[in-house]
Amino acid sequence: MLKYTIKRLLLAVVTVFIIAAITFFSMNAIPGGPFSKEKATDPAVQAMLEKRFGLDKPVPEQFVLYLKNLMHGDFGISLKTGRDITKIISESFAVSAKLGGMAALLAVITGLILGSAAALCRGRWPDRLIIFLTTLFVSVPSFILATILLLVFCLQLKWLGVWSTSNPSYVLPVIALMLYPMSYITRLTKTSMLDVLGQDYIRTARAKGVRESLIVFKHALRNALIPVITYVGPMTAYILTGSLVVETVFTVGGLGTKFVSSINNQDYPMIMAVTIFLAVLMVLATLISDLVYKLVDPKITFD
């Protein structure tokens, strides 16, 4: 396992480098720049600002300089706010991580329960109801779902307050974030459970008189977790960085909101930092999910 982990980590470095290169050169290929939208910016002042931040150099040279700073853990400063990007990410990610952590945990637990229930009640009304709801939640775009939740429960019924830094309400953002992954996990769990429940060793266990609850939770569900784990890794990384649309609808000051703002302002260092941060989270989450396979099924090898 150690050899496999080292190999994956080296591959992860290459992956992050490729993502950084594509993002950097694509970003610089877009017309305009971070200072071109300023009101009444004097050309001399704009040239001075570009020289101050190294934007007057050729793009390949800028990329090399950025990588050198990145090797020392320096993401640079925001071209719009002048703040250190590392501090911005740490502050905004704390909000996104709390929001995303609750959403990911609820999505996994609820998805496993509903998927198992649908598999055990196959063809009956609980199964049909669960599949109908999960299909609905998968089909509705997240920005529509978030807007409906905001309009109904905040503005019409006034059961919950709108998000504010002094009194943050996590209920609606968590629900909006969790419904799609929960629905996907439910369908994965149901499909995998049905496949496992049809195996010979399950029929043998039932013939021996093993309790149904023991068959479901010890044998069937454990062996049905592999497809779910495959999805949960990248899903968790994406949710932890904050869904861009959901954070924007609820005005949550998380990492997703900062990312959208940096794109609108063409804040190059901020765009690069958030993209690399997300790529690292994705790679690590995928690696962890692969390693968890071994714990769920000891028969799996990494050769």
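# Briefing: aromatic cluster, cores and helix packing

Phenylalanine 25 counts as partly exposed, at 35% relative accessibility. Buried means under 20% relative accessible area, exposed means over 50%, and partly exposed lies in between (1.4 Å probe, protein chains only). This is a predicted model: local features need pLDDT of at least 70, side-chain atom pairs count only at pLDDT 80 or more, and totals for chains, interfaces and linings use all residues. Residues are numbered from 1 along each chain as its sequence is written, and side-chain values use heavy atoms, with hydrogens and water left out.

**Helix H1**

- H1 covers residues 2-29, 28 residues in total. Helices (H or I, at least four residues) and strands (E, at least two) are DSSP runs, numbered from the N terminus.
- From first C-alpha to last, H1 reaches 41 Å, close to the expected 40 Å. The expected span is 1.5 Å times one less than the number of residues.
- Buried residues in H1 include Tyr4, Arg8, Val16, Thr23 and Met27.

**Aromatic pairs**

- The whole structure holds eight aromatic pairs. Rings of Phe, Tyr and Trp (its six-membered ring) pair if their centres lie within 6.5 Å; planes under 30 degrees apart count as stacked, over 60 as edge-to-face, and the rest as tilted.
- Phenylalanine 17 and phenylalanine 63 form a tilted pair, 6.0 Å centre to centre with 50° between the planes.
- This pair links distant parts of the chain: phenylalanine 17 sits in H1 and phenylalanine 63 in H3 (residues 59-71), 46 residues apart.
- Phenylalanine 17 is partly exposed because its relative accessibility is 43%. Phenylalanine 63, at 7%, counts as buried.
- The rings of phenylalanine 24 and phenylalanine 25 have centres 5.8 Å apart and planes at 80°, so this pair is edge-to-face. Phenylalanine 24 is buried, with a relative accessible area of 6%.
- Ring pairs join Phe17, Phe24, Phe25, Phe63 and Tyr66 into a cluster.

**Nonpolar cores**

- The largest nonpolar core has 38 residues; Met193, Met235 and Phe250 touch the most other members. A nonpolar core is a set of buried Ala, Val, Leu, Ile, Met, Phe, Trp, Tyr and Cys residues joined through side-chain atoms within 4.5 Å.
- Elements giving two or more residues to this core include H4 (85-120), H6 (142-156) and H10 (225-240). H7 gives the most, with eleven residues.
- A second, separate core of 28 residues includes Phe63, Ile85, Leu240 and Met272.

**H7 against H9**

- H7 and H9 pack at an angle of about 115°, with axes 8 Å apart. Axes are lines fitted to C-alpha atoms, for helices over the stretch in contact, and angles run from 0 to 180 degrees between N-to-C directions.
- Thr189, Ser192, Met193, Val196 and Leu197 in H7 meet Val216, His219, Ala220, Leu221 and Asn223 in H9. Contact means heavy atoms within 4.5 Å.
- Not counting residues up to four places away in sequence, methionine 193 touches Ser116, Ala119, Val216, Ala220, Leu221 and Ala224.

**Single residues**

- Glycine 76 lies in the loop between H3 and H4. Leaving aside neighbours within four places in sequence, glycine 76 contacts Arg83, Asp84 and Ile85.
- Glycine 76 and threonine 86 are ten residues apart in sequence and 7.8 Å apart in space, C-alpha to C-alpha.
- Threonine 275 lies in H13 (residues 268-296). Threonine 275 is buried, with a relative accessible area of 16%.
- Threonine 275 touches Ile19, Thr23 and Phe259, not counting residues up to four places away in sequence.
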